[in-house]
Amino acid sequence: MDRIMEKSRTLEKYGLQTEHIHWNLDAETLQQMTVEKGLGTETENGTLSINTGKFTGRSPKDRFLVKDDYTKDTVWWGRINKPISPENFDILHQGIVDYLSDKEVFVRDAAVCADPKYKMNVRTVTEYPWSNYFIKNMFLRLSEEELKDFEEEWLVLCAPGYLAPDPKAVGILDGNFSILNFTKKIALVGGSAYTGEMKKGIFSALNLILPTEKNVLPMHCSANVGEAGDTAIFFGLSGTGKTTLSADPNRKLIGDDEHGWTAENTIFNFEGGCYAKVIDLTEEKEPDIYRAIRPGALLENVIFKEGTKEVDYFDSTITQNTRVSYPIEHIDNIQVPSYASNPKNIFFLTCDAFGVLPPVSKLTPGQAAYHFISGYTAKVAGTEAGITEPVPSFSACFGEPFMPLHPTVYAEMLSKKMTEAGVNVWLINTGWSGGPYGVGSRIKLKYTRAMISAILEGELDKVDFDAHPIFGLHMPKYCPGVPTEILDPMNTWLQKGAYVSKAIQLAHSFHINFDKFANQASEEIMNGGPLIDSHHSLNEHF
C-alpha cells in the first residue's frame with residue numbers, strides 16, 4: 001500500500017476533522033516517512049531506530065481508569081488503579097481530538113487475542129508514523145479481506161505532542177496521561193511518546209474484560225508448546241528469564257508477554273509481536289532477539305557507536321529500558337496461529353538474590369495462588385539508584401501495574417483452572433545459591449534449563465520430594481543434569497544458621513507484603529504462604 005491518502009475515508013465519527021489521514025501503511029512506507037520527517041534513523045542493517053523523548057518507560061502515576069457504573073464496583077481502586085471522572089475524561093478526550101484535527105495522522109486497524117473466539121478489533125490513531133509502526137508490529141495484523149469490513153471495538157488515540165493545559169483542574173497530576181474508558185471503549189495517550197503505553201493500555205483493558213465478561217484468565221506470561229501438544233506457561237518479572245527460558249529450540253513459541261487461558265483450556269497470545277529489552281544484548285545470550293532486529297523491527301532509545309550506524313547495545317546513556325518491537329514472524333520457531341491447548345506445566349520464575357529459595361520446587365494449589373498473588377523477585381545492587389544490597393520486590397500476579405481487578409480474582413481463577421486441567425505449578429529460582437548476592441553465585445542457566453526440561457519431559461514425576469522447613473515448598477531430591485547438592489538451598493550455605501536467619505527474614509517480607517490481600521484471600525491461599533511468621537518459634541521447624 002503506498003502513501004496516497006484515501007480521500008473517501010474520514011475520522012469524522014470521532015470528531016476528528018483532518019483530511020490528512022494515512023490508513024494501514026506498510027512498514028516500508030512508515031519507515032521512509034519517519035526518516036524523511038527527521039523522526040528516526042536507520043541502523044547499518046536497515047532497522048528503524050527512534051527516540052521516544054522525555055518518557056523512555058511507562059509512567060504509572062499518570063495512568064487512570066474512568067470511574068463510572070461499569071467500573072466503580074469492579075476495579076480494585078488504589079495506588080495502581082486511580083480513578084478519573086467521566087466528565088474529566090471527556091475534557092481530555094476533546095483536547096486530544098482538537099489537537100489531532102488538521103494534523104497528519106496515521107490509522108492502524110488491527111486486532112488483539114489470537115484465538116478467533118476472543119479476537120477484539122482495535123483502531124489506533126497516532127500522531128507519529130513510528131507509533132503506528134509499533135502497533136503494526138505488536139497487534140495482530142489483519143488480511144485485506146478482514147480490513148474491508150473492519151469495525152473497531154476499542155479506539156486508541158495517541159497524541160504525544162498534546163499536554164493537558166491545566167492538569168489539576170481535570171484530576172490528573174501532570175500534562176501527560178494514559179486513560180482507559182471501559183464504557184466508551186476508548187484509550188487515550190497524551191503527552192508521552194513511549195510506545196508501551198498503547199500496548200499496555202489495551203492489555204490492561206483486556207485484563208478486566210476477559211475475566212469478567214468472557215471467563216478467560218489474562219496472564220502476564222510467556223508460553224510455548226511441545227511436539228506432543230503440551231503447553232507450558234512462564235510467569236516472571238523483568239530479569240527473571242521469562243523470554244530466555246520460553247525460547248526453546250525443541251518447542252514452538254506461542255508468545256512472550258501476554259496470554260489468555262480459556263474455559264476450553266486454550267492458551268492464546270494477545271499480541272502479534274514481541275517487545276523486548278535490548279540493553280546488553282548479544283547474539284550469544286539472546287540469539288532469537290538479536291536476529292529479529294532487522295528491517296521490519298523498531299528500535300527505541302538506543303545509541304549508535306560514534307561515527308557509525310552500528311548500535312551499541314551496552315550504552316544506557318538514554319535509558320536502561322532500551323527496547324525493540326518486531327512481528328512474531330521474526331522468530332523462527334513459532335506456533336501459527338498463536339494459540340494452543342493442553343496446558344501441562346506452569347513456571348513461576350523468580351530471581352531470589354537472597355539465595356534462600358530452592359532452584360526448583362513444586363507448589364500445591366494454595367501455594368501456587370499465594371505465590372501468584374505475591375509475584376516475588378528481588379532487585380539487586382545496580383538495578384536502581386541507591387540499591388546496594390538485595391531488596392524484595394513484589395508485583396501481584398507478576399503484572400500488578402496492568403491488573404484492574406483485585407489480585408485474588410485472578411489467583412482464584414488460576415487455582416480453578418489448574419485443578420480442572422491437572423496442571424503442575426513450579427517455582428523456579430533463577431537467582432542466587434550458596435549465599436546472597438555478593439556472597440553466593442548465580443544459578444547456572446544450563447542447570448535451570450535442565451530443570452525445566454526434566455519437568456517438561458516428566459522426569460520429576462518419578463522422584464521423591466522434601467518440604468522446605470520455612471516456605472513449605474516441595475523440593476525434588478534428584479533432577480537429571482543438576483548437581484544434587486544445590487537442590488536444597490540450605491546445603492549450599494557454609495553457615496546453616498545464616499541461611500535460616502536469611503530465610504526467616506524473607507518469609508517475613510512475604511507476610512508483610514501479603515497483608516494487603518489477606519482480607520479477600522481464602523484459607524487455602526493463606527495457608528500457601530511461608531510456614532513461619534512472627535508468632536512461630538524456630539523450634540517448631542528445626
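Ser 204 is buried, with a relative accessible area of 1%; buried means under 20% relative accessible area, exposed over 50%, and partly exposed in between, for a 1.4 Å probe and protein chains only. This is a predicted model, in which local features need pLDDT of at least 70, side-chain atom pairs count only at pLDDT 80 or more, and totals for chains, interfaces and linings use all residues. Residues are numbered from 1 along each chain as its sequence is written, and side-chain values use heavy atoms, with hydrogens and water left out.

Ser 204 belongs to helix H5 (residues 196-213). Helices (H or I, at least four residues) and strands (E, at least two) are DSSP runs, numbered from the N terminus. Apart from its neighbours within four places in sequence, Ser 204 is in contact (heavy atoms within 4.5 Å) with Arg 63, Leu 180, Phe 182, Phe 402 and Pro 404.

Eight strands make up an open sheet of mixed pairing, in the order S1-S6-S7-S8-S10-S9-S4-S5. Its edge strands, S1 (21-23) and S5 (82-84), each pair on one side only; two strands pair if DSSP finds at least two bridges between them. On average, neighbouring strands of this sheet are turned by 25° against each other, direction ignored. Axes are lines fitted to C-alpha atoms, for helices over the stretch in contact, and angles run from 0 to 180 degrees between N-to-C directions. Helix H2 packs on the sheet, touching strands that include S4, S5 and S10, and its direction makes about 65° with that of S10. Strands S4 (residues 63-66) and S5 run parallel and are joined by three bridges. Leu 65 has Pro 83 in S5 as its bridge partner.

Within H2 (residues 86-100) lies Phe 89, which is buried, with a relative accessible area of 0%. Beyond its neighbours within four places in sequence, Phe 89 is in contact with Val 66, Ile 84, Ile 179, Asn 181, Lys 184, Ile 186 and Leu 188.

**Helix H3**

Helix H3 (residues 129-138) is mostly covered, as nine of its ten residues are buried. Among them are Trp 130, Tyr 133 and Phe 134.

**Cysteines**

A disulfide is a pair of cysteine sulfur atoms within 2.5 Å, and the count by this rule comes to zero. Cys 479 is in no disulfide either. Both Cys 113 and Cys 479 are buried.

| Cysteine | Closest cysteine sulfur | Distance |
|---|---|---|
| Cys 479 | Cys 351 | 19 Å |
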